[in-house]
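This briefing covers strand pairing, nonpolar cores and helix packing in one protein model. The sequence and structure are shown next.

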Amino acid sequence: MNWMDYESYLEIYPPREFSFEECLMFLNRSDQEILHQMMDGFLYKLIEVEKEFILLKIGYTPHSIQVEFPVNRPSENVRKATAAYVWEWFDMGQDLPSFYEAADRCDILNRLVHKYDGLRMVCMPDLFEALVWAIIGQQINLTFAYTLKKRFVEQFGECLSFERKQFWLFPSFEKIAGIDIDDLKSLQITARKAEYIIGVAKAMLNGEIIKENMLQKLDYQQAKQSLMAIRGVGAWTADYVLMKCLHYTCAFPIADVGLHNALKKQLGLAQKPTIEEINHIAANWEGWEAYATFYLWRSLYE
């Protein structure tokens, strides 16, 4: 992690292969998004560090990400944790040049990496958020998934007010472990998904699911099986969490509808490719399936 602490603000120096503009394109793909906001050219996000709410005001210069603290100046430890959060959020520890080398072997990706040069995986550092978001999104379209997430956050999350706007935190697993299925059904979340979400929250509360433990599972298949042992987590959900939260570049949500639509569009097909066809195409992506998927998703919202 490459950064400087100026006490009242931070400067984070991303790798050369980084485009803040491209990452913002992903972050701003839905007007229903509630966990960050753009105001006057700055990205605002509320995080919680050491039980303290920290509002981040994030801007970009040609060589650095600047993080200001518009509400209060946090302690040194909190500032360090904030820098680590932003670094992970934009996946700046990832070796993007190696992905670009792999992309050169694939005509589809070769076009996309030149078009979206510097786009990095926009991650979810919080494991509970990643699991819940993936469960909410199972077998529904993205627009409705965002609607459900907004209701969920506004009902159970906490917020901070600043300049007549509200900035929200994703609900904690401690809070969700104590609610009833009917509380989630009232938001139009299905009974089954409500059971899954509350079950994940209780497992995290009991220490059965811990991000640090997951990160120690160096083998992709071992990590995937650990996630799939959680009720409500199938192969697609596990791979989504592995790529968006646990930084497995080989995670491959091959059944993803968005991936299928993107490949159909890029290949000019009359219908979506089959799983067999996708596996054949993805042979050139080995080790970088997560990033290939992410770039293909990007191609859907041009």
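Strands E5 (residues 52-60) and E6 (residues 65-68) run antiparallel and are joined by four bridges. The model is predicted: local features need pLDDT of at least 70, side-chain atom pairs count only at pLDDT 80 or more, and totals for chains, interfaces and linings use all residues. Residues are numbered from 1 along each chain as its sequence is written, and side-chain values use heavy atoms, with hydrogens and water left out. Helices (H or I, at least four residues) and strands (E, at least two) are DSSP runs numbered from the N terminus; two strands pair if DSSP finds at least two bridges between them.

- Tyr60 stands opposite Ile65 in E6, and a hairpin of four residues connects E5 to E6.
- Buried means under 20% relative accessible area, exposed over 50%, and partly exposed in between (1.4 Å probe, protein chains only).
- Strand E2 (residues 9-12) is antiparallel to E6, with four bridges between them; Tyr9 stands opposite Glu68.

- Strand E4 (residues 42-49) has six of its eight residues buried, so it is largely enclosed by the rest of the structure.
- Seven bridges link E4 to E5 in antiparallel fashion, and Lys45 stands opposite Leu56 in E5.
- The hairpin of E4 and E5 has two residues between the strands, and Glu50 takes a positive phi near 50°.
- On the other pairing of E4, three bridges join it to strand E3 (residues 37-39), again antiparallel; Met39 has Phe42 as its bridge partner.
- E3 and E4 also form a hairpin with two residues between them, where Asp40 in the turn has a positive phi of about 50°.

**The whole sheet**

- Six strands form an open sheet in the order E1-E2-E6-E5-E4-E3, with antiparallel pairing.
- Strand E1 (3-5) and E3 are at the edges with a single partner strand each, so one side of each lacks a neighbour in the sheet.
- The twist averages 30° from one strand to the next.
- Helix H2 (residues 76-89) lies across E1, E2, E4, E5 and E6 and runs at about 120° to E4. Axes are lines fitted to C-alpha atoms, for helices over the stretch in contact, and angles run from 0 to 180 degrees between N-to-C directions.

**Nonpolar cores**

- A nonpolar core is a set of buried Ala, Val, Leu, Ile, Met, Phe, Trp, Tyr and Cys residues joined through side-chain atoms within 4.5 Å.
- The largest core has 108 residues, and those with the most contacts inside it are Phe90, Phe99, Phe152, Leu184, Leu227, Trp285 and Tyr295. Helix H5 supplies the largest share of this core, nine residues.
- Another core lies apart from it and has eight residues, including Leu46, Phe162, Phe167 and Leu169.
- Contact means heavy atoms within 4.5 Å; not counting residues up to four places away in sequence, Tyr295 touches Leu96, Phe99, Tyr100, Leu112, Val113, Tyr116, Gly118 and Leu119.

**Packing of H5 and H12**

- The axes of H5 (residues 127-136) and H12 (residues 235-244) come within 9 Å and cross at roughly 145°.
- Leu127, Ala130, Leu131, Trp133, Ala134 and Ile135 in H5 meet Trp236, Thr237, Tyr240 and Val241 in H12.
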